[in-house]
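Subject: Structure handover

Hi,

Here is the structure I promised to pass on to you. Have a look at it first, and then read on for what turned up.

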Amino acid sequence: MDSKGVLVCGEIADGQLAPITIELLGIGRKLADDLGEELSALLMGSNIGDVGQEAIAYGADNVYVAEDSLLENYNSDAYTQVAANLCKKVLPSIVLLGHTDIGCDLAPRLNGRLGGGLAMESMALSIDPATKLLVSTRPVFGGNAHATVLSKTARPQMATVRPKTVPPAERDDSRQGKVIPVEDKIDPAAIKVKVVDRIKEEVEGVRLEDAEVVIAGGRGMGNAQDFGKLRELADILGGAVGATRVACDEGWAAATLQVGQSGKVVSPKLYIAVGLSGAMAHIAGCLGSKYIVAINSDKEANIFNVAHFGIVADHKEILPTLIEKFKELKAG
Amino acid sequence: MSPVSATYWGIPGYAIFWVLFIIAFGLFVQRVYVLLRLMSLGKQENRFGRIGLRIKNMLFEVIPQWCSLRSVTRKDLAGLGHALMFWGFGFFLISYIVFIGLAEGFGLHAVLMGTTFETVYASILDIAGVFVIIAIVWAAIRRYVIRPERLEINVEAGVIMIMVFSLMALHFCIEGFGIAGSGESAAWPPLGAAFARFLSGTDISQSTLTAVSHGAWWLHYALILGFLVYIPRSKHLHVLAAGPNIFFKPIGPNVVLEPIPLEAIEDPEGTEAFGVSKIQDFTWKDLLDLYACAVCGRCHVNCPAQVSGKSLSPKEVIHNLKEHLLEAGPGLLAGDTGESAKGQNKTLIGDVVTEDEIWACTTCGACQEVCPVGIEHIRKIIELRQNLVMAQSKMPESAQLMLRNMQSRGHPWSGAQSLRLRGDWTQDLELNILSPGDSAHTLFWVGCTGALIDRNVNATLSLTRVLKAAGVDFAVLGEAETCCGDPARRAGYDFQFQILAEENIELLKSYNIKKIITSCPHCYNTMKNEYPLYGGDFKVVHYTELIANLVSQGTLKLTKELDAIVTYHDPCYLSRYNEVYLEPRRIFQDIPKAQLREMERSKKTTFCCGGGGGHLWIEEQPGTTKINHIRIEEVIETGADTVVTSCPYCLQMLEEGIEHKGIKDSLQAKDLIEVVEATMK
Amino acid sequence: MNIIVCVKQVLDPEIPPAKFKIDPETKQVIPPPGVPPVISVYDERAVEAACRLKDTHKGNITVISMGSEKAADVIKHAISMGADDGFVLSDAAFENLDSFGIAYVLSKAIEKIGGYDLVLCGRQAADWGAGQVGSILAEILGIPIVTLACDIEAADKNIKVKRIVSDGYEVLEAPLPSLVTVSSEIGLPRLPAGMRLMIARKKQIPVWTAQDIGAEASQLGTDNAHTEITGLSVPDRKTECEIITGATSSEAAVNLAVKLNELK
């Protein structure tokens, strides 16, 4: 097993490195340094330009660039093919991907093809000083517990990391590195699944992932109309609306607004949880918030165990006054 | 002289008499025959048990008019009017048979007329006639002038009133003109004779008077025959159908749901006709119900869904079903199938009864309680739900969530498990929690709400303490208890109910349980009235019955003062379904200084809290207001500061109402057992 | 269209967090007493997806579940929803397998069943949530895969799948046979209709052992694991929650607004 080095499977957004990739390069650099090995990056796309150099500036020693029209937008079969072939050549010891639309699909497939060991949604990554193995910590049972995972022999050791979990790498344009084009041609016959359409859902206001304030509602909102009132509060505070899986199941909020283990993980400054009990599967999505506020009529609700502030009352009695007071404070 | 013995335009009166009779009677019989055949479209049902009791019930309801009199309230005296009308008309009916049928039709005029018997009877008729006129005029004023909500302004009612009034008027004309025309002076019958004296004082000749009398007689006869033809073709069909319908009323529980026979349906992909999706899926008794309806509207104004502005009206449901039977029935009898057949392009669920109407019902039973002719509204609604849920998989999403939870977790409270587990309430209590192999005589069956929902767990704990203090020996199932199945059954998911019932009965039998104490009237009703059909025969008591007993015996002494003005909200499933309403009041009687103020709608006329029929979970449809808010208004009206109830659903709904109105500081809701614990020694 | 659905029986995710207990020695969860296990949330959605396809295209749905013999309950649940038959895969050799091991066992069972057009899985298990079995399984079977489906439509020789992405969704076309992992956005699973509840109850679910499906020991066992769990802990999450009060609810709301305004 001659595997060496850390490989980051990067993503490109708007002609630049995606923020998640910069974060992965940050943690990747640290892991590589702990191992005393090199950090590489793989960039796939159709018109990559100077992005390779960017990756070097963020810490990569080698950047493998695969350019092909078939790679313009994410295609599972094409990307898996390219990444797997590269890994079989380069034999990295560790492969890191973002826990993103791309990473969630690519990582398990890549792992399956290469026969490595994968820990999805890792919250913490480190190298065990004694064994030199990658140790990942990931949430299990809806976030109720944390498990540490490692792969003794299977290679590569893989992990996906959620955006904003680890600090981004520092940019240093003076860094030196190699940009290596990937020569292998993609076999079109191996591309079985085709993307036929892409539909963007128009979201009102700020994007959930970027919002500094999130107002989330759950089962306790009761109906679509009352749920809609959260929008008002979000607008006053310049934030986004989120929802628990139950609220989405009920049709009160679009699936893209789901916060939780199977939805989005957000870490705003302020997270106001209204009418939701705080089941772990949802909490897992907001624990990174600076301040969590709970408004729930049940004083035993679990949300009060993780909140910093709370009011034990029915949201119908609190929201209108809260909205009015915030309006006042903003104006004054 | 007898009117039929004369000759009219060369035709003997007898001939006219009989021809008219045969035509009218023929039309009457033909129509009744069609109605009976339509009724035969319905499925079989055995309502023939306990014939003696049935006869007794029917005679008592009909002849002394208990069916009408029991619905009389201070605001609605119409039942009294109906009783007068009924008795009055009863006398007339006899007179038609004797003095028209026998005397004229069968030529016994000479034998019967002019006799003392005739005079006496005619005098009785005079009085009866006055009563009928008073009743009919009163009815007309109510319906067309006062216009109470429950009475419809329609042509049919008007026609019947005019016919009845005319019959009475003509009767007096026959008498008055007849006596005057005969030249004899008579003292009896009093009104007829008085009218005759008046007529005699006019210039009208005797022959004219007699002619008018005969004319009135024929008109009267024609009108009676017309009525005969009209009865089975109008809402007056209730005259024929009400008696039999009352005869076939359920003896025992008032909502009769038969277990669905599992062996009968083998093919999994076959047309699974569960519940009711076509008019012929109802039983003949259900169809008889439709005939018995007099469109009195009492169910309509007492239905909590209707009163709170939902589209459901029990009256409309019954009316629409009847119309549909009359429209589509003949085609079905003829074997026509397919959508082109008249009326069959209408779907029962959707066109005749809408899904909204089906789901709005809380199964409170007010409609059945107040119906004078014994119509069973509730089971029709539940059977329609059975079809929607079990055959079509169509139901409101809130119902689906609740039923899925029943399936996977054995209780209706989705998400409640995130807060507490079934057996949590037993923590730190010294209780006899049964484990396999144990045996116990009495079991305290807690119920899902009492075990899982915080507010109601307080009541459960309270009851446990009271039972212990009173020295009652009881066991509990703890975490092994699952739902009695009531929410699934009321929501139409009868198979899930059956599975739960069978499993529960097996479990209870394995512990040799003989007596079950419940705190939830729904568990109470289900286990007492419905489990026997699945093999579960236990003595089931609600805690109010038990506590009332203990209080009467002196085992439990309530000695502390109750510093509150209370009103008691009777749960539908306890007071109306099972007639347990004296026991809670018995308890209050013993509490020192207890000020119990009754709401107008209490005991068997209690107004629903809105939580029954699965509605503690199924979202209430939009209306003008919410059912529990109406009830809270009634509570507030009493001036009480505490509303007490003995049902976990009611407690939840009342507390929601109090919170909604923001009056938590002036009104609180309590479970009766909490009051008992607070006042016991 | 013949569909095979892989389902897993898991600890009920709806237990109160306070009841969630682990044994750090064995690295297992200790299930609280009296709480029956349930079908994994996403696997139930996969069954629902299969049933929706069967609603419009004739075919057969077979459900397999690797677990203890109690896993027959989740198979019965799937049958009550609309599946036709199922098998429990139970063997001592199947315990404590990692994602590769699980995918291998499922693949052997699937090969034994054969004749399938579509394999459906949940996107991840509601307990350990590794989220890989579907992808590895597709790789072993050598069939295309689409992940995170919220809708599946069948056409003649292929399927059209709507896939969830963070700002909307994609529509993909995949040939048959393929594997699709299903997410909760597909909607609420159906309530079992009438007779199906009773049929499922009575059905006998066969149990297949390692031998029955030809699973080789060389692929199973902890020595062959690609990943192992070296530790399990429950993080200490309790915060000091400051409950904001007031004479009335309105006052409390005002106090909260003021407090939060100070923070920002």
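A residue counts as buried here when its relative accessible area is under 20%. By that cut-off, 57% of the 264 residues of chain C are buried. Please keep in mind that this is a predicted model.

Let me stay with chain C for a moment. Its secondary structure comes to seven helices and 15 strands, and its C-alpha atoms fill a box of roughly 70 × 45 × 35 Å along the principal axes. Among the contacts in chain C with a separation of 6 or more, 72% are between residues 24 or more positions apart.

**Where chain C meets chain B**

How many residues does the contact take from each of the two chains? Chain C gives 29 residues and chain B gives 35 residues. Between them the two chains bury about 2,600 Å², with 57% of that on carbon and sulfur atoms. On the chain C side, E14(C), L191(C) and M195(C) lose the most area to chain B, and together they make up 27% of what that side buries.

The rule finds six salt bridges across this interface, along with five residue pairs in polar contact, both residues of each pair being at pLDDT 80 or more. The helices α2 (72-81) and α5 (194-202) of chain C each supply at least two residues of the side that touches chain B. The largest share of that side, seven residues, comes from α5(C). Sorted by class, the side of chain C that touches chain B has 18 nonpolar, four polar and seven charged residues.

One links E14(C) to R409(B), with the closest N and O atoms 3.7 Å apart. Another brings together the side chains of E502(B) and R201(C), also listed at 3.7 Å from N to O. Here E502(B) lies in helix α22 (residues 494-510) of chain B and R201(C) in helix α5 of chain C, so the pair joins two chains. Both ends are partly exposed: E502(B) has a relative accessible area of 29%, and R201(C) comes to 35%.

**Inside chain B**

The domain assignment of chain B gives domain 1 (7-247), domain 2 (262-394), domain 3 (410-549) and domain 4 (552-679). The C-alpha centres of domain 1 and domain 3 of chain B lie 56 Å apart.

Chain B also has a salt bridge between E376(B) and R47(B), where the closest N and O atoms are 3.0 Å apart. Which parts of chain B does this pair tie together? E376(B) sits in the loop between α16 (366-370) and α17 (377-391), and R47(B) in the loop between α1 (13-39) and α2 (51-62), so the bridge ties together parts that are 329 residues apart in sequence. E376(B) is buried, at 1% relative accessible area, and R47(B) is buried as well, at 3%. Salt bridges that share partners join E45(B), R47(B), K285(B), D286(B), D289(B), E376(B), R379(B) and K380(B) into one network.

R150(B) is another residue to look at. You will find R150(B) in the loop between α6 (116-146) and α7 (155-182) of chain B, and at 6% relative accessibility R150(B) counts as buried. Its side chain makes a polar contact with the side chain of D76(B), at 2.8 Å. Leaving out residues up to four places away in sequence, the residues that R150(B) touches include A78(B), R142(B), C296(B) and K315(B).

**The two domains of chain A**

Chain A is divided into domain 1 (6-190) and domain 2 (213-331), whose C-alpha centres lie 34 Å apart. The contact between them takes six residues from domain 1 and nine residues from domain 2. Together they bury about 520 Å², 49% of it on carbon and sulfur atoms. In domain 1 of chain A, G142(A), N144(A) and R162(A) lose the most area to domain 2, together 70% of what that side buries. The count of salt bridges between these two domains is zero, and the rule finds zero residue pairs in polar contact there, with both residues at pLDDT 80 or more. By class, the domain 1 side has no nonpolar, three polar and three charged residues.

Elsewhere in chain A, the side chains of R207(A) and E209(A) meet in a salt bridge at 3.8 Å from N to O. R207(A) is partly exposed, at 39% relative accessibility. Over all chains, the salt bridge count comes to 72.

Best wishes

Methods: Residues are numbered from 1 along each chain as its sequence is written. Chains are lettered from A and ligands numbered from 1 in the order in which they are written. Side-chain values use heavy atoms; hydrogens and water are left out. Contact means heavy atoms within 4.5 Å. Buried area is the accessible area (1.4 Å probe) that two parts lose on being put together, summed over both. A salt bridge is a side-chain nitrogen of Lys or Arg within 4 Å of a carboxyl oxygen of Asp or Glu. A polar contact is a pair of N or O atoms within 3.5 Å; within protein, one must be able to donate a hydrogen and the other to accept it, and residues adjacent in sequence count only if both atoms are side-chain atoms. Helices (H or I, at least four residues) and strands (E, at least two) are DSSP runs, numbered from the N terminus. Ala, Val, Leu, Ile, Met, Phe, Trp, Tyr, Cys and Pro count as nonpolar, Asp, Glu, Lys and Arg as charged, and the others, Gly among them, as polar. Domain bounds come from an automatic or database domain assignment. Buried means under 20% relative accessible area, exposed over 50%, partly exposed in between (1.4 Å probe, protein chains only).
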